[in-house]
Amino acid sequence: MRHEYSSQRALLQLRNRKDIPDSSWALALAPRLAQFEAVARHEHVTRAAYELGMPQPTLSRAIVRLEAELGVALFARHGRTLSLSPAGRAFLASVERALSDIERAVESVRADADPTAGKVAFGFLHTLGSETVPGLLRTFRADHPKVRFQLVQTYGEAMLDRLRAGDLDLCLTSPVPDAPELVARRLDEQKLRLVVPDDHPLAGRKRIRLAEAADELFVSLEPGFGLRRITDALCAEAGFTPKVAFEGEEAETLRGLVAAGLGVALLPPPPVPRPGVVELTVTAPRAVREIGVAWLDGHVDTPPVAAFKKFLLSRRGQLLH
């Protein structure tokens with residue numbers, strides 16, 4: 001109990017030091033943690049110095065300086081040998097955890113950057129998730145079979161926020177963003193259709209001008225989704241503001257709402273034909289959405305990210321085929 005009390009008191013002294021700001025302790029101590037751990041493990045400065053590949057006097061001075069900065073004695077000296085003090089034992093437990101965490105972090109980032117088996121954090125729109133993205137990954141992995149992917153499927157604004165935060169390496173999005181902190185390249189465009197219930201008065205048509213749907217109730221994605229912005233812009237170009245009766249988060253859910261007779265919608269083609277709806281070609285205005293790849297400007301690509309970026313750019317004009 002006495003040793004435990006001494007250790008706690010020593011650590012309290014460390015926390016209460018006023019001459020080193022809290023935010024600076026890690027910077028001040030980081031280079032010496034491995035030195036302290038080696039001396040603690042060997043209980044001998046000369047053997048620890050040999051293992052670390054540094055002169056013994058240099059290591060001795062480093063340990064003395066560490067103790068002075070912490071304001072506690074980490075070792076008891078016995079001639080050429082050392083033994084940990086109670087404070088040293090308490091400190092060692094935390095140092096070993098810290099060094100272990102560093103080792104795991106190094107292994108993780110090195111593994112993620114491995115040219116043949118690294119990781120790509122890739123974001124994409126929900127509407128590209130059923131066919132387009134699986135097809136892209138299958139083609140890419142034919143030449144890069146061990147590259148790993150962290151896939152994030154979400155809507156446009158959330159995806160760009162994660163790109164800016166560094167959570168994603170690349171993303172497929174629409175509209176193609178125009179922001180100074182991002183680099184974006186247009187890859188393809190996708191026609192949008194006016195989807196109506198199969199018993200709707202317009203269901204017998206094959207083509208329609210969007211202005212003819214001005215009096216219809218619309219079902220649409222929520223604000224913040226790229227397709228919602230495109231829908232609002234196309235309707236404005238056609239001379240009206242859509243009356244939105246239902247808002248959702250997924251295109252196929254909207255198709256279900258249309259099939260239930262709850263409204264009409266501007267949507268990209270479905271992965272497979274859906275019963276209960278008819279999809280009309282919009283002749284005016286030109287109803288398309290551009291799809292592009294985006295990444296953070298100045299972001300340094302790991303080899304697997306660079307390879308996948310090059311692959312995506314090579315698919316310009318063929319992304320959706």
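This is a predicted model: local features need pLDDT of at least 70, side-chain atom pairs count only at pLDDT 80 or more; totals for chains, interfaces and linings use all residues.
Local features need pLDDT of at least 70 and side-chain atom pairs count only at pLDDT 80 or more, whereas totals for chains, interfaces and linings use all residues. Residues are numbered from 1 along each chain as its sequence is written, and side-chain values use heavy atoms, with hydrogens and water left out.

**View 1. Salt bridge between aspartate 112 and arginine 148.** A salt bridge is defined as a side-chain nitrogen of Lys or Arg within 4 Å of a carboxyl oxygen of Asp or Glu. In this pair the N to O distance is 3.1 Å. The two residues lie 36 residues apart and link distant parts of the chain, aspartate 112 belonging to helix α5 (residues 86-112) and arginine 148 to strand β4 (residues 148-153). Helices (H or I, at least four residues) and strands (E, at least two) are DSSP runs, numbered from the N terminus. Arginine 148 is partly exposed, at 35% relative accessibility; buried means under 20% relative accessible area, exposed over 50%, and partly exposed in between (1.4 Å probe, protein chains only).

**View 2. Salt bridge between arginine 162 and aspartate 167.** The closest N and O atoms are 3.9 Å apart. Arginine 162 is partly exposed, at 32%, and aspartate 167 is also partly exposed, at 38%.

**View 3. Salt bridge between arginine 205 and glutamate 212.** Here 3.1 Å separates the closest N and O atoms. Relative accessibility is 33% for arginine 205, which is partly exposed, and 32% for glutamate 212, likewise partly exposed.

**View 4. Network of salt bridges.** Arg186, Glu189, Arg286 and Glu290 are linked in this network. The whole structure contains 22 salt bridges.
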